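Take a walk through this structure, starting where two chains meet and ending inside one of them.

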Number of protein chains: 2
Amino acid sequence: MPAISDVARLAGVSKATASRALSGRGHVAEQTRLRVVQAASEIGYIASPDAASLVTGRTKNVGVVIPFVNSWFFGEMLEGIERALLGAGYDLTLYNLPEGGPARARVFDFFLARKRVDAVIVIAVDLTEGEVRGLERREKPIVCVGGSGDATARLSIDDRAVGLLATEHLLHLGHTRIAHLAGAGAGLQPNSMAGLRAAGFRDAVAAADADRMDPAARVAGGAPRGSATELGPIDAIVIETEMGMPGGFEAGLQLLGHPAHRPTAVFAATDETAFGVIRAAERLGLSVPRDLSVIGVDDHEHAALFDLTTIAQAPAEQGRLAVEVALRMLGDDARADPLPDSGAPLATRLVVRGSTARATA
Amino acid sequence: MPAISDVARLAGVSKATASRALSGRGHVAEQTRLRVVQAASEIGYIASPDAASLVTGRTKNVGVVIPFVNSWFFGEMLEGIERALLGAGYDLTLYNLPEGGPARARVFDFFLARKRVDAVIVIAVDLTEGEVRGLERREKPIVCVGGSGDATARLSIDDRAVGLLATEHLLHLGHTRIAHLAGAGAGLQPNSMAGLRAAGFRDAVAAADADRMDPAARVAGGAPRGSATELGPIDAIVIETEMGMPGGFEAGLQLLGHPAHRPTAVFAATDETAFGVIRAAERLGLSVPRDLSVIGVDDHEHAALFDLTTIAQAPAEQGRLAVEVALRMLGDDARADPLPDSGAPLATRLVVRGSTARATA
DNA sequence: TTGAAAGCGATACCAC
DNA sequence: GTGGTATCGCTTTCAA
């Protein structure tokens, strides 16, 4: 395996010059540069990243911590990250974090603590204070995407706004008996994705209730409301379930099983949940959107197939953005792009398809 | 950031001894070993993998080349690989290969050619001869999972047998009008996954045809058959489509749209394709399995939800196995396990659920 | 069993 | 511009 000294010898220059010529750092006469490059390709020289890292302290490698890979959303985001990293000449080292067991500690205390990655991108994982400190002590920039907790840089959509928007869409269509299929844990963790989307749902319902009241009373003190799942004039209910298709299916069967209390519209916390609901509705002989309107979140690759109205987010693009921020924190960014509005939530947009329709009188 | 010299000084030994004590290589008095370990943890010492790699030539890092991440199957396999690698103290560097453009060459000629990975696991990618040679020249073991082409080690299910088994299941249930939703390219690439499963389908149909003939004629020359899509007594048809849910849906609508030629059973090349078919059937008012039996391949996480009969394979387990083989090729395997039957196909099994039933007379 | 010293393969500082 | 040289942090002979 050829080393830089071989290149240097062949080109008739010193190692130092060869290094400069190949790395582009420092000035080298164009003529010698050509000779060196020529010599390098002649013997198939490729610099050893280890040796370079050792002296520069940079590895050109970014660690990515992610809870799952086997779902469309995370997979898509991972692809976005990978593409961006590869394009910038960086490697991506994957840490697929299992459920917080001893393996998690090992990842943070050993794998990420070593000098093998320049920065860490953390997807949908709530870092403990200790984990953050550990990385900061080693001066590794952290970019979080989704999740909560206070870390350095965080990219996130506004989940509360998403819940609000989705619910408003249903309300605007005239639905007054609506349900929200929230993610498991929405109640216990108000700041989780599930909790925030559910909060947005409740906000929208409360606002609608207020609109239905005497404007005077509205000014006086907002909408009176009952329990968290009974919000006055609008018949709203929140059901927690796993946010996958099976979760949506089961919750859907349960929710739609009794004709008496059946809602006319459902806001599912994710598209996959929505797919499950749609299947449940079909199974029960209900027609979407005639008997039931359904809206989800994500704009999953199969959303079009289910003709699902949804709040779109672009995971791959979010991944790309995370890389951009990370590289910028490393001061490695050659591009002159302005900073993305730091702290501003990531873009989402309502995509109206055929699964939502006006409430029938 | 503490270096090994700091540990050595604190423990009152030389760098050499400290290294031996911490790495476990070479003999060190138990007492001094304890002192060193103690000193190391005291100052939070973690060895620099770069420095170690530089001298040992080993990186404790494996590269994984994979075409997609955003699908359940590949994601699951990636998780299996990651878990196994992490457990063995290895890092996983991900190369999400895009569609064979210039990026592909860059991955093989630059990223993988450097001394950054000890071995490469290649998922469902057909390596060119040049790519294989390039890695071999650098003495990097290659383990392929799925895909075709001749590489060093290859783990793969027997796709032809899978096609055979799935089709036989339908035939045994008495179906005589059956269709195969093959993956795109099945016809053009007979050795691809799609091509092999389709071949298995044809084999099963041919065998069934033979059984329906006079035994004498059968000995004489096998089943006479028409075109590739018209296989005699058994009414069999092969349709190529994208192997996802949308592909299955579209093909399903087309296939099941005309009541006259409607098959009573479908063998879908993958579970996702099968999901699409099931939805198409439901959309057309057909009941599964009463009007249509459907069988898929994979045992996708949603297969149970669709009550889908399928040929199960275990991608995560396959990933784990790939790692085992790779580490063994690196001579790094501490376990005394016997070699897995080298070259033997990976396990698959028929999982019968409710989507397949006897053909109605 | 332990220590001294020679690299591994690059970069970067400092003269020239 | 270019060439020596120290250096990054570790492992590994070779002696003691």
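Begin with one ion pair. E282(A) and R279(B) form a salt bridge, and their closest N and O atoms are 3.2 Å apart. The coordinates come from a predicted model.

Which elements of chain A give two or more residues to the side that touches chain B? They are α4 (49–56), α5 (72–87), β2 (91–96), α6 (102–111), α11 (245–256) and α12 (271–283). The largest share comes from α5(A), with 8 residues. By residue type, this side of chain A divides into 26 nonpolar, 12 polar and 17 charged.

Now take the interface as a whole. Chain A brings 55 residues to the contact, and chain B brings 54. The area buried between the two chains is about 4,900 Å². Carbon and sulfur atoms give 57% of that area. Between chain A and chain B the count is 6 salt bridges. Polar contacts across the interface link 22 residue pairs, with both residues at pLDDT 80 or more. Over all chains, the salt bridges come to 30.

R83(A) pairs with E79(A), and the closest N and O atoms are 3.9 Å apart. Why are these two residues separated by about one helical turn? Both sit in helix α5 of chain A and they are 4 residues apart, so about one turn lies between them.

Next, the sheet. Chain A has an open sheet of 6 strands, in the order β7-β6-β8-β9-β10-β11. The pairing is mixed. At the edges stand β7 (235–241) and β11 (349–351) of chain A. Each has a single partner strand, so one side of each is left without a neighbour in the sheet. From one strand to the next, the twist averages 20°.

Strand β10 (residues 309–312) of chain A runs antiparallel to β11(A), and 3 bridges join them. A312(A) stands opposite R349(A), a residue of β11(A).

Finally, consider two helices that lie across strands of chain A. Helix α8 (residues 159–172) of chain A lies across β6 (177–183), β8 (265–268), β9 (293–298), β10 and β11 of chain A. Helix α8(A) runs at about 165° to β8(A). Helix α11(A) lies across β6, β7 and β8 of chain A, at about 140° to β7(A).

Definitions and conventions
Residues numbered from 1 in each chain as written. Chains lettered and ligands numbered in written order. Predicted model: local features only at pLDDT ≥ 70, side-chain atom pairs only at ≥ 80, totals over all residues. Heavy atoms only, no water. Contact = heavy atoms within 4.5 Å. Buried area = accessible area lost by both parts, 1.4 Å probe. Salt bridge = Lys/Arg side-chain N within 4 Å of Asp/Glu carboxyl O. Polar contact = N/O pair within 3.5 Å; in protein donor to acceptor, adjacent residues only side chain to side chain. Nonpolar A, V, L, I, M, F, W, Y, C, P; charged D, E, K, R; others polar. Pairing = 2+ DSSP bridges. Axes fitted to C-alpha atoms, helices over the stretch in contact; angles between N-to-C directions.
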